[in-house]
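My entries follow in the order in which I made them.

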Amino acid sequence: MKISTPGRICLFGEHQDYLGLPTIAAAISRRISIEGTPSDDDQVIIDLPDIEQKEQFSIHHTLPYAKDRDYFRSTINILRRRGFVFTKGFRCHVHGNIPINSGTSSSSALIVAWANFLTRYADNPAELTPKELGEIANEAEVLEFGEPGGMMDHYSTAIGNVIYLESTPKIYVEGLKPQLGTFVLGDSQQPKDTLGILARCRYGMEAIIHKVTAYDSSFSIFTTPLAQAKDYSSLLSSDELGLLKANLEDRDILQEGKKLLLSSQDTQNSDFDTQLGQLLYRHFANLRDHKRTSTDKINRMIEASMKAGALGGKINGSGGGGCMFMYAPTQAEAVAEAIRSEGGIAYIIHVDSGTRLEE
């Protein structure tokens with residue numbers, strides 16, 4: 001059996017899901033696959049040649065965890081709690097072309113693929129919905145180990161195409177089917193600075209919200225208009241005020257983006273591509289200037305791409321390194337070359353389906 005699952009890019013709502021705000025993400029045509037066959041004993045053997053590693057353990061003994069973030073075991077444990085039974089071992093081969101540790105959800109895609117494989121391979125197999133697989137993967141990766149993070153990566157890679165995701169006051173997922181052109185993904189080959197970025201974008205913003213709410217109990221990150229931010233200028237430093245404004249504007253950009261994406265499903269909008277590119281770049285400007293998730297190299301990659309004909313784009317993922325992407329429906333090859341000229345690795349991509357049984 002072979003299962004494959006895509007990586008993802010975040011179109012809108014970067015660094016907003018942990019504030020309870022929605023996100024819009026797209027699955028991409030870079031995928032990871034798990035191919036497995038039965039074994040004659042109780043051993044689970046997982047070959048991971050892309051990272052030159054191998055996992056091996058007994059299917060009968062998955063606890064305790066052997067290391068931090070022991071996702072292969074945790075997924076089996078989660079499924080057992082849900083009533084799945086495993087008594088037979090198997091040997092698996094994992095291979096993918098999603099950039100690793102670069103903000104394109106390679107780890108979440110792997111866990112979704114693993115959950116899809118296991119639920120079909122169990123003694124009591126079941127074909128779960130993509131949403132259910134996303135929930136299981138989130139539980140195995142985030143909740144089981146107390147990790148920070150939302151559900152965007154898991155739902156996006158499991159469901160595929162473009163999704164709109166709300167987490168507050170409850171989980172709500174809406175599948176979108178816009179008519180999107182080509183993207184170009186650029187890997188800066190710079191390691192991400194997830195902890196450093198979170199210190200500013202999450203914990204720094206949470207402190208700002210606490211300070212503003214103590215001053216003005218009517219303030220809400222969900223509803224307070226951007227124009228009202230100036231009322232807090234005496235309360236906040238210029239840096240804090242800029243971060244607050246950036247989050248309020250990014251919240252509004254996402255809603256503009258959702259409306260635009262929905263409109264492409266029903267009408268012919270000749271300016272759709274241009275408008276989408278502009279919204280992506282506005283989001284990037286806030287990430288670059290106020291949330292400070294970008295790097296000089298990624299900034300150069302994006303600006304070179306714009307000169308080469310891209311309509312817009314942004315840094316992708318937690319930031320401080322990793323990947324960026326550009327929307328380039330007519331100039332993909334030129335944009336890819338521009339990214340390479342700045343020292344990045346370029347991949348021409350399109351929106352893709354979610355986790356699936358290949359054979």
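**Helix crossing**

I noted that the crossing of α2 and α4 is right-handed (the near helix is turned clockwise from the far one by less than a right angle). The model is predicted, with local features needing pLDDT of at least 70, side-chain atom pairs counting only at pLDDT 80 or more, and totals for chains, interfaces and linings using all residues. Residues are numbered from 1 along each chain as its sequence is written, and side-chain values use heavy atoms, with hydrogens and water left out.

I found that the axes of α2 and α4 (lines fitted to C-alpha atoms over the stretch in contact, with angles from 0 to 180 degrees between N-to-C directions) come within 9 Å and cross at roughly 55°.

I looked up the contact (heavy atoms within 4.5 Å): S108, A109 and V112 in α2 meet D153, H154, T157 and A158 in α4.

**Burial of α4**

I recorded that six of the eight residues of α4 (residues 152-159) are buried, so the helix is largely enclosed by the rest of the structure. Buried means under 20% relative accessible area, with a 1.4 Å probe and protein chains only. Among the buried residues are M152 and Y155. Just after α4, I saw that G160 takes a positive phi of about 85°.

**Strand β3**

I noted that β3 pairs with β4 (residues 53-58) in the antiparallel sense over six bridges; pairing requires at least two DSSP bridges. D47 has K54 in β4 as its bridge partner.

Note on methods: Buried means under 20% relative accessible area, exposed over 50%, partly exposed in between (1.4 Å probe, protein chains only). Helices (H or I, at least four residues) and strands (E, at least two) are DSSP runs, numbered from the N terminus.
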